[in-house]
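This briefing is intended for a reader who is new to the structure shown below.

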Amino acid sequence: MEDKIIIGMDLFPTLKMGWLNGWILLCLFYITYGVSLMTFTKDVRAKLFYYDRSRWSKKQRAFYAIGKVSVLVYLVLIIFTPLKIGANVFIPGIILFLLGLVGFIITLSNFKNMPPNQPATKGFYIISRHPQVLMLFISGLGICIVIGSWLALFILIISKFFGHFRTLAEEETCLEQYGDSYHAYMKRVPRYFLIKTYLKEEENVKKY
């Protein structure tokens with residue numbers, strides 16, 4: 001029992017209602033997100049949320065649906081899992097969560113400040129084509145650590161795996177909408193972080 005408290009991570013956490021559960025961090029994240037969106041114009045919000053799915057393949061639609069379901073399971077697990085207050089994992093988890101949250105808000109600001117008819121390519125977008133996805137993952141990873149759940153972490157990874165195929169579809173739309181400028185951007189900036197795959201990424205987009 002003592003080792004378990006020190007490590008602070010469980011495969012299957014004990015689920016229960018409580019005031020000190022992971023839902024607190026979810027509320028903090030979404031309230032901050034909502035306040036940020038209030039500063040967006042209607043056109044910028046439309047650009048942020050709308051992408052054409054009319055030409056998605058059955059595979060894309062199926063993966064998108066699986067990703068949505070896995071996110072829902074992940075959120076329910078967080079809501080009913082108590083925070084590991086006092087465990088060694090708590091502080092590192094909170095730090096990761098806050099880094100992801102602050103980074104996410106900065107990427108939203110970067111996105112907001114770009115002209116509506118241009119892709120976002122400045123700020124955090126110079127190190128990642130999808131910094132919002134990256135920051136969401138960092139913040140979600142922090143929550144998994146704070147609640148000490150390997151299961152939540154596994155589901156988070158699964159959701160990001162299936163979400164990757166939606167990212168490919170979005171890039172295909174951006175290639176069609178912005179043409180050569182986005183093609184050059186893909187060559188210059190990694191999809192997520194650090195690793196570049198150059199023109200092969202365009203070929204991968206077309207496969208899905």
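The buried residues of α3 pack against α2 (23-37), α5 (90-112), α6 (131-146) and α7 (150-178). Here, buried means under 20% relative accessible area, exposed means over 50%, and partly exposed lies in between, with a 1.4 Å probe and protein chains only. Helices (H or I, at least four residues) and strands (E, at least two) are DSSP runs numbered from the N terminus. The model is predicted: local features need pLDDT of at least 70, side-chain atom pairs count only at pLDDT 80 or more, and totals for chains, interfaces and linings use all residues. Residues are numbered from 1 along each chain as its sequence is written, and side-chain values use heavy atoms, with hydrogens and water left out.

- Helix α3 spans residues 42-49, and its buried residues are Val44, Lys47 and Leu48.
- These residues lie on the same side of α3, because they cover an arc of only 100 degrees around the axis; the arc is that of the directions from the helix axis to the C-beta atoms.
- An α-helix has 3.6 residues a turn, so residues three or four places apart point the same way.
- Lys42 and Asp43, on the other side of α3, are exposed.

**α3 with α5**

- The axes of α3 and α5 come within 10 Å and cross at roughly 115 degrees. Axes are lines fitted to C-alpha atoms, for helices over the stretch in contact, and angles run from 0 to 180 degrees between N-to-C directions.
- This crossing of α3 and α5 is right-handed; a crossing is right-handed if the near helix is turned clockwise from the far one by less than a right angle, and left-handed if anticlockwise.
- Val44, Lys47 and Leu48 of α3 meet Leu108, Phe111 and Lys112 of α5, where contact means heavy atoms within 4.5 Å.
- The contact of α3 with α5 comprises four nonpolar, no polar and two charged residues. Ala, Val, Leu, Ile, Met, Phe, Trp, Tyr, Cys and Pro count as nonpolar, Asp, Glu, Lys and Arg as charged, and the others, Gly among them, as polar.

**α2 with α6**

- The axes of α2 and α6 come within 10 Å, crossing at roughly 160 degrees.
- That angle makes α2 roughly antiparallel to α6; angles under 35 degrees count as roughly parallel, over 145 as roughly antiparallel, 65 to 115 as roughly perpendicular and the rest as oblique.
- The crossing of α2 and α6 is right-handed.
- In α2, Leu25, Leu26 and Phe29 meet Leu136, Ser139, Ile143 and Val146 in α6.
- The contact of α2 with α6 has six nonpolar residues, one polar residue and no charged residues.

**α7 with α8**

- Helix α8 (residues 180-188) packs with α7 at an angle of about 135 degrees, and their axes are 6 Å apart.
- The two helices α7 and α8 are therefore oblique to each other.
- Glu171, Cys174, Leu175 and Tyr178 of α7 meet Asp180, Ser181, Tyr182, His183 and Met186 of α8.
- By class, five nonpolar, two polar and two charged residues form the contact of α7 with α8.

**Leucine 11**

- The loop between α1 (2-7) and α2 contains leucine 11.
- Leucine 11 and serine 149 are 138 residues apart along the chain, with their C-alpha atoms separated by 5.8 Å.
- Not counting residues up to four places away in sequence, leucine 11 touches Ser149, Trp150 and Leu151.

**The whole protein**

- The protein has nine helices and zero strands.
- Of its 208 residues, 40% count as buried.
- Among contacts with a separation of 6 or more, 77% are between residues 24 or more positions apart.
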